[in-house]
Amino acid sequence: MELNVRTQVPPIERLNDRRRLVLALPRRALFIPGLLLVALVSLLYLSQTSDLAGTGYDIADLQSEQQQLQMQNEQLRLQVDQLESLDRVDKEATTRLHMGPPVHVIYVTAPPMTLPTPVATTQTPDSNRTASPSGWLGNAFAWLRARVP
Amino acid sequence: MPSPGYALGYPDVVSTIERPTVTGETNELDTRRWRVYLIGSFIVACVLLLSARLVYLQVIEHAHFGTMATAEHWRESIIPPRRGDILDTSGNELATSVTYESLYASTTEVSDPAAVAQKLAPIIGAPASDIQKILSNKQAAPTLIKAWLPDDVATAVEKLGIDGLFLQQEPKRVYPQGNLAAQVLGVVGADNNGLSGLELAYNSELAGKPGKLVAERDTAGDALALGPHQYTAPINGSTLTLTIDRYVQWVAERELEAAVSQHHAKGGSVVVLDPRTGAVLAIAGRPTFQNNATELYSQQNVDMYGIPAVSNAYEPGSIFKIVTMAAALDTGTVTPNTSFFNPGYFNYYGGTIHDAIGRSPGPETMAQTLTYSSNIGVAWAAGQVGAVKFYEYAQRFGIGRPTDIDLPGEASGVLRLPTADDWHPFDLATNSFGQGLSVTPIQMAAAVAAVANGGTLMKPYVVKRIESPAETRLFYPTVVGQVIKPQTAVTLTNMLVQVVDDNTLGESRLARVPGYAVAGKTGTAEIPIAGGYSPNRTIASFAGFAPAENPRFVILVRIDDPQDSPWGETVAAPVFSAIARQLINYYQIPPTRGVNANGT
């Protein structure tokens, strides 16, 4: 004898089973993408943290390099000052360049300077300008003037 | 055998409920139960123990372990400030701080000291045996192998990559001009604090304030650059700009060194002042220490840290006649032409005064008294002035009290007043020519500068500007007082010019500068010893200024115990002349008078 299961299950219970089936399907379908999303976010976080740590070390390296350069700069500045010291300049001047201190210093008294008197003029700054245009246009005007009586 | 219920298709209830028990099985169950209880009890005990330990660590010892954890993960490092520079009046660096790398070793990590020493020795320039000795002495704390390596040496050491060695950046105080003005600039100790000179006097301004970095650190102990941190920036030291001119200082030191060497003297001092402002242009002293020496802190060097021109008082001798004559002229007691009869000795309150160089008895003017440096003449003039006025003027000129110059260790000198118990009226006579009292070179130079400055005494000073990131402090000339009338200063200046110009018996001829009027006075002071004065030891000195018409500088030269000649004229006056000639060229001062054929 064939047993009809459906006829034996009450209609309300069948409805609940269907609902469970409908709800269960999306959960299963979302589990994998959700897992992937979490993995992706975790990777992003790790990547960012790693980048941050790397940047931190880069900054530390740059700070160290800056300190080194500052140190070198200070040492070079000291060398410049030492090379410009009077003892060293005097030694170079007397031994290498065979220079000596000034023996006779002569102060020349210059006659009082007479400044040239400004020439009175009526010219305005623009008075020396010609009315004609300059350049090739001016040349053309001049050529025309020469030919037109 | 299956139970009856099983055969009928019913659950085997009866068999489970009414199962027959056997004594052996009961014992086994009990044993198992006890085992479970035992294990359970053990686990519970462990949990309780761990919980108790946790409570102990987290609650009772919270503060202690919290501090340890913080120290493990957080790093607090002190950031030293950069010590301020010291510049001369034109901005040339006289003292500065430079960072170097020092080589340290964690000796416990160095496995083969001999091999490491052999590698390091040629690079850092130290004996391999010394390095090996340091490395073999195993210590927990880092040990210094060599301080302040130049950059190229530090790089070479780093390239070796030896385990247990590390480089640490450390500041070093350096003096780019070499030993110039070493005593004035002073010395800095290993703790970066000043020990002498300006480094000591202005230590609070130069030192700055250290900063602090509290930061999370990585496994290597380095601070995480982007980690949480608290940063307090260091405040660097202020920059001092001095009134001292490095060229004037250099000239003064060079000429002083030459004179001390030439006369086999014990030492000496030179002070150069700008009489118009009191600004110190140079202070030189010999002997001095080497400020870049490795043995900078040796007792021999420490003994020379002081500034003799400021801290060593001496009997000035005849230079003091300038003060006596200023008092006599300013009170109107005498004029340059006032004459008295000089019998060759002077009896005064039971004592007798003689001149250093005897002359025939005869009339003598006050101008001649200065020119011949007559002890009898100034003693007579001081007697005319009277003790009250004489000491009043001496005090006006700043004798017997510090000038308050901004340098450490200033001596006040000694001036016994008539109110003192041990003062005797005869002291007036001896004090008038600079015996029985003491002055420092800076005091005497300031007093002479007052004459050059129209009778106005200025306070000498060395620092004219202090610059910090927050503010700039300027120091202006300070007038101490009008010690004599301007007309008296002019009269006295003319008398002092005559002292240098005199071609007969003048003692200051060697101080001349061709083409310029120079005012000045020599001094030859006997050195006091127990029970009197040394018969053959003197302090030779000269104080003067130029050009006399418009003085630009005052120079005081003091040479201690010259061996070949005791006189100020032959020992100190030429030093004045040599310095004055170079300063006149330096300041480009045109001649004020014609030059004779003999160059005078």
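The legends below describe close-up views of a predicted model.

Local features are given only at pLDDT of at least 70 and side-chain atom pairs only at pLDDT 80 or more, while totals for chains, interfaces and linings use all residues. Residues are numbered from 1 along each chain as its sequence is written, with chains lettered from A and ligands numbered from 1 in the order in which they are written.

**View 1. An open sheet of five strands in chain B.** The strand order is S10-S9-S21-S20-S19 (chain B), and the pairing is antiparallel. Strands S10 (280-286) and S19 (519-529) of chain B each have a single partner strand, so one side of each is left without a neighbour in the sheet. From one strand to the next the twist averages 10°. Strands (E, at least two residues) and helices (H or I, at least four) are DSSP runs, numbered from the N terminus; two strands pair if DSSP finds at least two bridges between them.

**View 2. S19(B), its partner and a packed helix.** S19(B) runs antiparallel to S20 (residues 532-546) of chain B, and ten bridges join the two. Ala525(B) lies opposite Ile539(B) of S20(B). Helix H20 (residues 486-501) of chain B packs on the sheet, touching S19 and S20 of chain B, and its direction makes about 75° with that of S19(B). Contact requires C-beta atoms, placed from the backbone, within 7 Å; angles run from 0 to 180 degrees between N-to-C directions, with axes fitted to C-alpha atoms, for helices over the stretch in contact.

**View 3. The contact between chains B and A.** Chain B gives 21 residues and chain A gives 19 residues. On the chain B side, strand S3 (93-105), strand S5 (165-174) and H11 each supply at least two residues. The largest share of that side, four residues, comes from S3(B).

**View 4. Buried residues of helix H17 (residues 387-396) of chain B.** Phe390(B), Tyr391(B), Tyr393(B), Ala394(B) and Arg396(B) are the buried residues of this helix (20 or more other C-beta atoms within 10 Å of the residue's own). Their cover includes helices H14 (321-330), H16 (375-385) and H18 (425-432) and strand S18 (479-482) of chain B. After H17(B) comes Gly398(B), with a positive phi near 90°.

**View 5. Packing of H14(B) on H16(B).** The axes lie 9 Å apart at an angle of about 40°.

Technical notes
Contact = placed C-beta atoms within 7 Å. Buried ≥ 20, exposed ≤ 12 C-beta atoms within 10 Å, placed from the backbone.
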